[in-house]
Amino acid sequence: MGEHRNATREFVCIRCPLGCNITVDMEDGKIREITGNTCPRGADYVTKELTDPRRTVTSLVRIEGGELPVAPVKTAADIPKDKIGDCIKALKGIRLAAPVRIGDVAAENVCGTGVDVVVTANVGKG
Amino acid sequence: MEKDLVIIGGGPAGLAAAIAAREAGVEDLLVLERDSRLGGILNQCIHNGFGLHTFKEELTGPEYAGRYIEKVLEQKIPYKLNTMVIDLEAEESRKKVTVMNREEGLYQIEARAVILAMGCRERARGALNIPGYRPAGIYSAGTAQRYVNMEGRMPGKEIVILGSGDIGLIMARRMTLEGAKVKLVAELQPYSGGLKRNIVQCLDDFGIPLKLSHTVVDIKGKERVESVTVARVDENLKPVPGSEEEIPCDTLLLSCGLLPENELSETLGVKMNPVTGGPEVDESLETSREGVFACGNVLHVHDLVDYVSQEAAQAGKNAAAYLSGSRSGQGRGIPIRAVQGVRYTVPSSVDVSRMEETQVVRFRVGNVFRNAAIEVSCGGKILKSQKKQILAPGEMEQVILKRAELEQIEDPEEITVSVRAESRGRD
Amino acid sequence: MCMYDVIVIGAGVTGCGIARELSRYDWKVAVLERASDICEGTSKANSGIAHAGFDARPGSLKARLNVEGSRMMEGLSKELDFPYKRNGSLVLCFREEDRETLKRLLEQGRENGVEGLEILEREQVKELEPNVSDEVKAALYAPTGGIVCPFGLTIALGENAAVNGAEFFLNTEVREIEKTGKGYRLLTGRGSFEAKAVVNAAGVYADRFHNMVSPEKIHIIPRKGEYCLMDKKVGGFVSHTIFQLPTVYGKGVLVTPTVHGNLLAGPTAVDVEDPEALNTTQAGIEDLLRRASLSVRNLPVKQVITSFAGLRAHEEGDDFILGQAAGAPGFFDAAGIESPGLTCAPALGKYMAQLVREYLPVPEKDSFVAVRKGIRGMASATAEEQKRLIAENPLYANVVCRCELVTEGEILDAIHRPLGATTIDGVKRRTRAGMGRCQAGFCSPRTVEILARELGKDAGEICKNGENSRFLTGYIKDGIQGEA
């Protein structure tokens, strides 16, 4: 991305609800200065956002024989942003049998990211 | 039935209040929850971002609720599910809570203290007076959230969202991830009502456009929504003729604000704050009715559940102190006035003789301010001046009052919280 | 082919009122309704007023049936168990020069047989209604004016007709009417029906059916009225129904408590082309609030919980068209039924039944049951009644709609009684679930679930009203294509 080699880029940090406005000065495609962040997580966020943007994905899987027909899930850690779509596709066909509990693995190593998808609510038998 | 403490609502506020009250020594308490599980609205908030303050990690709503539910179970705090409080009365210091459920029917509980923790509800279409037809396909964002996240059902395929509050933003992403096409988020105000990070991770990440200063001026479709028309609004928030754009869609989600759910509080005759829609409370979160406390979204609408939990824990602790008769002082509360850009404060008074060493005062501003300062004054003295890069109505602010400082002031009449603006601008 | 003695087209308050009266006699009666429920047209979106009867021209059918209907309403509300209250009405006069008009209205009312009318001076009006505008000079007071639940009345009439043998066919739109040797054949989307006599109570569509059989054409103009409904918190803002002096477009904008304790303002009056144009408009809402604000001080507009529009079936001649259509023996019109149609319905039903009886003589049935019990509502029950209801059926303790305190027990009753609810709107109009301040945000997912369970359907099939008004469009990730 040549146009960004010597550019100033603006970000809103998503690591906490504060949402710091962070400015990154780029020089020769490298980060020269990061300003506007309240804490080190902000610097980490923009660095990652420039090199390897990642997100935690939350969604649902179907439950069979449960008190609810679905259970919420999340990726146990963040995954590359461009894998969000594939991660959702991978969850489409998953059917878990009730009961499930918080922390149960719904899908291992989702889309080869090395990250598991885990259940985030207890759903008892229906 | 008689109880020392009845907590109305088993959501995040009710749970945190119950745990704090039990930890402060209240044995005889009961949590009343109208839904079929504890946790309240958190059960349908399956996105992450909860609990950074409380647990130093990002949890999803059900996980956050789960941590409190575990504690409630551990401490064997009694609760009733599927139980609706249908009336609340007070006779001197006795409170009568009329409840109803399938197993026990209709009966009264006499309580020495009550904590109101009923949460809030969404503003409906009618309150917004959006013109047009009234077909199927118009839902509040929270109703859609329930259909999707609890029932696994989609309320629509092509979506327009009015209102950029957090629930609207979160639902834009949820609907997209579950296979719907979100065409637009329109916001009446010139600024978003939600957290900035939600604009990034819920809209920008998925290329969903956000139109500020826009509203819905027409809904077409006689049976199911077929299109909505959005238009730009002027400074007075009135639609600008000629700026209309018709967007084909089958669903309109509304995320246009939350209203504290205080019908019960009103039957009790507690003094209400017209700005928050919640009761007026003092530093112990006690309402104008002795022994009736309020916390969480029934008191004022929060952005962060962490603060709900903190506030509720304070209410639980104070209710315990009230019940044990160990509250010190009963002096004159100093009113806290919201002035100049500050819309309200919670609490709205503080009793120096009774307060702890510090007291958190939470508030919201009425507009977007850049490079401003929050000022707290009392007795002609500026107690605090806190610089802020940006202040926005969508984000709750807080200042901390110190007892030591207030004790210094002779005969204080009032404390004011204000915004000293260096520049006021649009976001 | 189904053969009937009498077929009624339309199951609004007029059609249901007629069907109930027809069901007293030994006829085979059918009611054909195009919508998915009864009470889906003009009857579901109006002011809910039982008018005293001073508005209509003396000697007109409107005047006669209005006063008769007004007199019947209280007794009928007990017989059929629907909400009605005689709260009295006031017609405000704001200019000294309009006093004459007010007086004429009084005299007209007296001539029509309205009892207890009097003109009140400003102070008396203010005493009755402290929130009335300071501009008021005098008012016509009609103590016999009342408020009625339009859904309650229509559904009670319909249910009672059904219990007495009238067969209701919903989702059955009449497309053509043919003359046969013995009467008429009605071709519908669901087969054809034959009858010796037909009663046309099709509201804004009544001209369509009349014109199919009669050479003397009529023209019904849908006249739109927009309303704002306000929270029960401000239901006591006024206690009487507050009118302004009438205009050529009708009775003008009123402000009234509803029989359920909300505050209602409306309607506007705008003639439209489309008989389905039930949309509200920004201009309409603004107009009605502005006009309502002439009657009262500080109308609590912030308390609006919903707005809606209704279409009145206005006929050019400005009176009801009641009777056999020219050149069409056995085809009876009940057309042009605009305000005070709701009030007239009970009397109009009797009137039409007599006309049909003259054409098609028949004895009365011994088996007619005049009394109907409504849905027992927890919200209006005393604590003792509430306890008894719960003891009989614990589902009366399971609250579904918290704004209006409607329980699962009531919703099951609404679904399983004669002509029971099959849609979200049907449940709403029978029980008030979803009528409150949150406007079904909380209860609609639960109501969908209950309807699906009780009707043996999938939740995805549950509709708001018509067949194309499904609430849900599928399952999560249906729209996600491909595999990871």
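Predicted model: local features only at pLDDT ≥ 70, side-chain atom pairs only at ≥ 80, totals over all residues.
Visitor: What does the count of polar links look like between chain C and chain A?

Guide: Between these two chains there are 4 residue pairs in polar contact, both residues of each pair being at pLDDT 80 or more, while the number of salt bridges found across the interface of chain C and chain A is 0.

Visitor: How many residues do chain B and chain C each bring to their contact?

Guide: Chain B brings 47 residues and chain C brings 62 residues, and the area buried between them is about 4400 Å², of which 52% comes from carbon and sulfur atoms. Of the area that chain B buries against chain C, R102(B), R134(B) and R153(B) supply 16%, which is more than any other three residues.

Visitor: How many salt bridges are counted between chain B and chain C, and where could I look for one?

Guide: The count is 8 salt bridges, and one to look for joins the side chains of K233(C) and E266(B), at 4.0 Å from N to O. The interface of chain B and chain C also has 21 residue pairs in polar contact, again with both residues at pLDDT 80 or more.

Visitor: Which helix gives the most to the side of chain B that touches chain C?

Guide: That is helix α5 of chain B, residues 141-151, which contributes 5 residues. Taken by class, the side of chain B that touches chain C has 18 nonpolar, 11 polar and 18 charged residues.

Visitor: What is V97(B) in contact with, leaving aside its neighbours within four places in sequence?

Guide: Its contacts include V6(B), I8(B), L32(B), V85(B) and L88(B), and also among them are D87(B), Y107(B) and Q108(B).

Visitor: Is T144(C), which lies in a loop, buried or exposed?

Guide: T144(C) sits in the loop between β7 (138-142) and β8 (146-148) of chain C, and T144(C) counts as buried because its relative accessible area is 12%, under the 20% cut-off. Setting aside neighbours within four places in sequence, T144(C) is in contact with residues including A50(C), A52(C), S70(C) and Y84(C).

Visitor: Where is G310(C) found, and why does G310(C) count as buried?

Guide: G310(C) belongs to strand β18 of chain C, residues 304-315, and G310(C) counts as buried because its relative accessibility is 4%. Not counting residues up to four places away in sequence, G310(C) touches A45(C), R223(C), K224(C), G225(C) and L278(C). From G310(C) to E276(C) the separation is 34 residues in sequence and 9.3 Å in space, C-alpha to C-alpha.

Conventions:
Residues numbered from 1 in each chain as written. Chains lettered and ligands numbered in written order. Heavy atoms only, no water. Contact = heavy atoms within 4.5 Å. Buried area = accessible area lost by both parts, 1.4 Å probe. Polar contact = N/O pair within 3.5 Å; in protein donor to acceptor, adjacent residues only side chain to side chain. Helix = DSSP H or I, 4+ residues; strand = E, 2+ residues; numbered from the N terminus. Nonpolar A, V, L, I, M, F, W, Y, C, P; charged D, E, K, R; others polar. Buried < 20%, exposed > 50% of the residue type's maximum accessible area, 1.4 Å probe, protein only.
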